[in-house]
Amino acid sequence: MIEFAGVTFAYPSPGGDVVALRSVSLSVAPGESVAVLGANGSGKSTLALLANGLRLPREGSVLVDGMDTSDGAHVWDVRIRVGLVLQNPDNQIVATTVEEDVAFGPENLGVEPELIRERVARALETVGLGGLEGREPHHLSGGQRQRLAIAGALALEPAYLVLDEPTAMLDLQGRADVLGVLDTLRERGTGILHITHHLADAARADRVVVLDRGEVALSGTPVEVFAEESLSSLGLAAPPIGELADALRAAGVPVPAAAYTAESVVEAL
Ligand SMILES: Nc1ncnc2c1ncn2[C@@H]1O[C@H](COP(=O)(O)OP(=O)(O)OP(=O)(O)O)[C@@H](O)[C@H]1O
Ligand SMILES: [Mg+2]
């Protein structure tokens, strides 16, 4: 479990501290997918950095399977347990071939070469890039590069994956491919914290948390959160109804094909 308990965080700045998170409590269990929504500057990326100990809370605590991220003794355990994938895959690509790129993390941890080969093959298979081992990363499509970044995180065999707007730079196909990978990982028991500004992507999660100026404004199942009237005042518009219906169907909710108004979707629920 990743557990944020009353977490406050501020960035020091010459003009006074910028408080990015205020008394935030939330959790992600193994096999659970939690989506985080919020307007620009609401603290989403800061939350991601705190989840794997790259930043430490000023108040409150972040526990990863019981380990306090502020406890120096657990720094590496926490980073291995919580994989982090950023918005721009190009910032995470470090090698000149797909295979070397995915191997980079486990190599740095001193994993046995034999095991590295197995892990790289498994990670590439999971993200659907098996067969492209020898390719140069910059020759891949945007969606493939983002899946490569996810494979790099998976090669460390994390229990949890935190993704900061992983589909923001992708076209529809690239986005669908990345969301498909997240579904697979969730089924395998990985806990997922998915930061996104696509409400339709959030609709596929088990739970949705909405941040507003660093505080948790809403939290619940997608259906509960999307029904909140305050959604639009938090800088979020409910997704176009067709997109929402598709996302609910993908999540296993039996929404009939004829449901193309908000009322008919609500009725189906
Ligand atoms: N390195 C930094 N130094 C100072 N202030 C920062 C820094 N990074 C973020 N902030 C501030 O902290 C607050 C939260 O930023 P954060 O990047 O976490 O928000 P966000 O929800 O990810 O935004 P976006 O949707 O634009 O990605 C904002 O007010 C931002 O200006
Ligand atoms: Mg951000």
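Strand E3 (residues 33-38) and strand E9 (residues 207-212) run parallel and are joined by 5 bridges. Within this pair, Leu 37 has Val 210 of E9 as its bridge partner. The model is predicted.

**The six-stranded sheet**

E3 and E9 belong to an open sheet of 6 strands with mixed pairing, in the order E6-E7-E8-E3-E9-E10. Strand E6 (82-85) and strand E10 (215-220) are the edge strands, each pairing on one side only. From one strand to the next, the twist averages 20°.

Helix H1 packs on this sheet and touches E3, E6, strand E7 (160-164), strand E8 (191-195) and E9. The direction of H1 makes about 155° with that of E7. A further helix, H6 (residues 172-187), lies across E3, E7 and E8 and runs at about 150° to E8.

In general, strands of a sheet pair through backbone hydrogen bonds, in either the parallel or the antiparallel sense. With E3 the pairing is parallel over 4 bridges, and Ser 33 stands opposite Ile 192 in E8. With E7 the pairing is also parallel, over 5 bridges, and here Tyr 160 stands opposite Gly 191 in E8.

Why is E8 largely enclosed by the rest of the structure? 5 of the 5 residues of E8 are buried, so the strand is largely enclosed. In a regular strand the side chains alternate between the two faces of the sheet. In E8, Gly 191, Leu 193 and Ile 195 point one way, while Ile 192 and His 194 point the other way, and all are buried.

**The four-stranded sheet**

A second open sheet has 4 strands in the order E2-E1-E4-E5, with antiparallel pairing. Its edge strands are E2 and E5, each of which pairs on one side only. Strand E1 (residues 2-11) runs antiparallel to strand E4 (residues 59-64), and 5 bridges join them. Glu 3 has Leu 63 of E4 as its bridge partner. Leu 63 in turn has Asp 68 of E5 as a bridge partner.

E4 and E5 form a hairpin with 2 residues between them. In its turn, Asp 65 has a positive phi of about 45°.

| Strand pair | Sense | Bridges |
|---|---|---|
| E3 (residues 33-38) and E9 (residues 207-212) | parallel | 5 bridges |
| E3 and E8 | parallel | 4 bridges |
| E7 and E8 | parallel | 5 bridges |
| E1 (residues 2-11) and E4 (residues 59-64) | antiparallel | 5 bridges |
| E4 and E5 (residues 67-68) | antiparallel | 2 bridges |

**The shell around ligand 1**

Ligand 1 is surrounded by Tyr 11, Ser 13, Val 18, Ala 20, Gly 38, Asn 40, Gly 41, Ser 42, Gly 43, Lys 44, Ser 45 and Thr 46. By class, this shell has 3 nonpolar, 8 polar and 1 charged residues.

Which elements each supply at least two residues of the shell around ligand 1? They are strand E2 (18-28) and helix H1 (44-51). H1 gives the most to the shell, with 3 residues. H1 is also the helix that packs on the six-stranded sheet, where E3 is among the strands it touches.

**Helix H3**

Helix H3 (residues 98-108) has Val 98, Glu 99, Asp 101, Val 102, Ala 103, Gly 105 and Pro 106 as its buried residues. An α-helix has 3.6 residues a turn, so residues three or four places apart point the same way. The buried residues of H3 pack against helix H4 (113-126) and helix H5 (142-154). Just after H3, Gly 110 takes a positive phi of about 75°.

**Domains**

The protein is divided into domain 1 (2-235) and domain 2 (239-269). Taken over C-alpha atoms, the centres of domain 1 and domain 2 are separated by 27 Å. The contact between them takes 5 residues from domain 1 and 8 residues from domain 2. On the side of domain 1 that touches domain 2, there are 4 nonpolar, no polar and 1 charged residues.

Terms used:
Residues are numbered from 1 along each chain as its sequence is written. Chains are lettered from A and ligands numbered from 1 in the order in which they are written. This is a predicted model: local features need pLDDT of at least 70, side-chain atom pairs count only at pLDDT 80 or more; totals for chains, interfaces and linings use all residues. A residue is near a molecule or strand if its C-beta atom, placed from the backbone, lies within 6 Å of it. Ala, Val, Leu, Ile, Met, Phe, Trp, Tyr, Cys and Pro count as nonpolar, Asp, Glu, Lys and Arg as charged, and the others, Gly among them, as polar. Domain bounds come from an automatic or database domain assignment. Two residues are in contact if their C-beta atoms, placed from the backbone, lie within 7 Å. Two strands pair if DSSP finds at least two bridges between them. Axes are lines fitted to C-alpha atoms, for helices over the stretch in contact, and angles run from 0 to 180 degrees between N-to-C directions. A residue is buried if 20 or more other C-beta atoms lie within 10 Å of its own, exposed if 12 or fewer, and partly exposed in between; C-beta atoms are placed from the backbone.
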